[in-house]
Amino acid sequence: MSDDEGASGNDAGESDAASPDDDAVDGVPTVRVRGIYTTALTRLFEDEGLSVVQASPPIRDRFADEFRVAPADASVSTTEDRQGVGITGDGTAVAIAATEARSVGRDAMAWRDPTPRGAVCAGEVTETLGRGAVVELGDGAAEDSADGVEGDEGAGLPPLAGTDREGFLPYSKTAAHVETGDRLRVQVKEAAPPWGNGRPVLDTTVRVQRGLAALVRGSSPDSNGPELADLLPVDPPEGWGIDWSPVADDADLDALGDALDGLRERAQALDDAFADAPAPDDAAPHCYWPGEATVWVWFGRESRFGLDERRRAVTATMGGHHRTKAATNSASAAVDFVEAVCPDAGGEADFPFDAVTRQFGPMEGDRVRIDHGKPDGRLFSLGTGEVIRRDSDGTVVVERAMSGRGTYDALGVDQQPGDVAVTKLTEGKWWYPTVYRGEDGDKRGTYVNVCTPVEVFPSAVRYVDLHVDVVKHADGRVERVDDDELDAAVDAGYVPEELAEKARSVASAVENAL
């Protein structure tokens, strides 16, 4: 049985924004979970006192608990690349859920999104592309939405850095033709994880969402809702139509009433915000409405194994369950098959690196990217190279041709035409070395990167750089660099102190070994 039920969770009828504590039981926030981490996070949240609602059929089968069909204060959904989760909804509930999700391992990291889902902005079109337009949104959404995740529960959740406040408006989401320089009102329909290449998706239709339903501004009332909806004593506000989620069919009258009451309050507050607001032509870029608190949590290798432990307490879970599922959709399906036909495959066995890479890659001769994550949420590719060696113990050696321009960071040596970089990456290690050689084979220096545990996926090797590094110059000199950058990342809240201490310890060990 797959955990991947409704993984995206971003459809209007399934979104879960709520007002603080509206649906909580005795003050306990409610959470809806979807995606490949669902079983593990459901176990974690339930153990920590959160109330999971709107559980998918596999989860209802696995757990003995009764799961209510009720609006959720926060929604947790696996990202499309399976590397982590997005959490949206009420600020307090989002902060609590994010804090618990980060607790599964030292290498789990979380950031507040400056362009949160549901934010309504006056934006300016800065570029037109084949399928849509790029719209500048300004800084207002980031400033206003951050308030909900900055209390005691949200301590240590920094905002994303280096992120442009812009989104992508598909031409299909606007009735009018748009050109560069146009100013218009848009809403963030789908937020985008910081480590990906996509921009938040925008829409010119404004809606407010609340788990069991959404209100759509400018549409007519929906007559196709659940049968109990006809018994509700309250109607949508004037100028708003209701869009019921399919899960609302299973909700009771109280849950439907609570959902619609909350929607009415939010819709009326949004109408009030628009009533006194300047027109987009006069205001852009400007935030009219802050939207839902939105946080992204990236799971590293250690965190995925921590999630395995939570899942194993509920059902058969093979060694490296989440690590394998995070690789590709086909690998995820293979895990489901193995655990369905061979329940004895569960247990605390090691991650079967050799078997997984033989089936899904990478193998010798394949090409892989080196995806270099940063503690502030950004991700850069260091380039793509050829796997020139693969060992069954988890090591791949990747060779890249260098551009011949610029200088090797920290080594202080200029690149030359014909230079190559040979990088040895070992699954699970907190560091990896890159040796730079000239066309004649002479070593130009070695750079050892300290990072979160390396994960060797079929098309990319991934980790998050922890700033402090060790270099060995061609003359044999060993130098430790960038401790100050690690200290600054700790002060900014990007790197927890426990993770920073691990990085410093690894750097010291590497320095002594060289």
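Me: What makes β11 and β12 count as paired strands?
Reply: Two strands pair if DSSP finds at least two bridges between them. β11 and β12 are joined by three bridges and run antiparallel, so they pass. Arg 207, for one, has Val 216 in β12 as its bridge partner. This is a predicted model, where local features need pLDDT of at least 70 and side-chain atom pairs count only at pLDDT 80 or more, while totals for chains, interfaces and linings use all residues. Residues are numbered from 1 along each chain as its sequence is written, and side-chain values use heavy atoms, leaving out hydrogens and water.

Me: Why is Leu 231 called exposed?
Reply: Exposed is over 50% relative accessible area (1.4 Å probe, protein chains only). Leu 231 comes out at 57%, so it counts as exposed. Leu 231 is in the loop between β12 (213-217) and β13 (240-244); strands here are DSSP E runs of at least two residues, helices H or I runs of at least four, numbered from the N terminus.

Me: What makes β2 and β5 edge strands?
Reply: They belong to an open sheet of six strands with mixed pairing, in the order β2-β1-β3-β4-β15-β5. β2 (51-52) and β5 (109-112) each have a single partner strand, so one side of each has no neighbour in the sheet.

Me: How many bridges link β4 to β15?
Reply: Six, between β4 (residues 84-89) and β15 (residues 293-298), in the antiparallel sense. Helix α1 (residues 38-47) lies across β1 (30-34), β2, β3 (74-78) and β4, at about 165° to β1.

Me: Which residue takes a positive phi in the hairpin of β25 and β26?
Reply: Gly 476, near 95°, in a hairpin with four residues between the strands. β25 (residues 460-473) and β26 (residues 478-481) run antiparallel with four bridges, and Asp 469 has Val 481 as its partner in β26.

Conventions
Buried < 20%, exposed > 50% of the residue type's maximum accessible area, 1.4 Å probe, protein only. Contact = heavy atoms within 4.5 Å. Axes fitted to C-alpha atoms, helices over the stretch in contact; angles between N-to-C directions.
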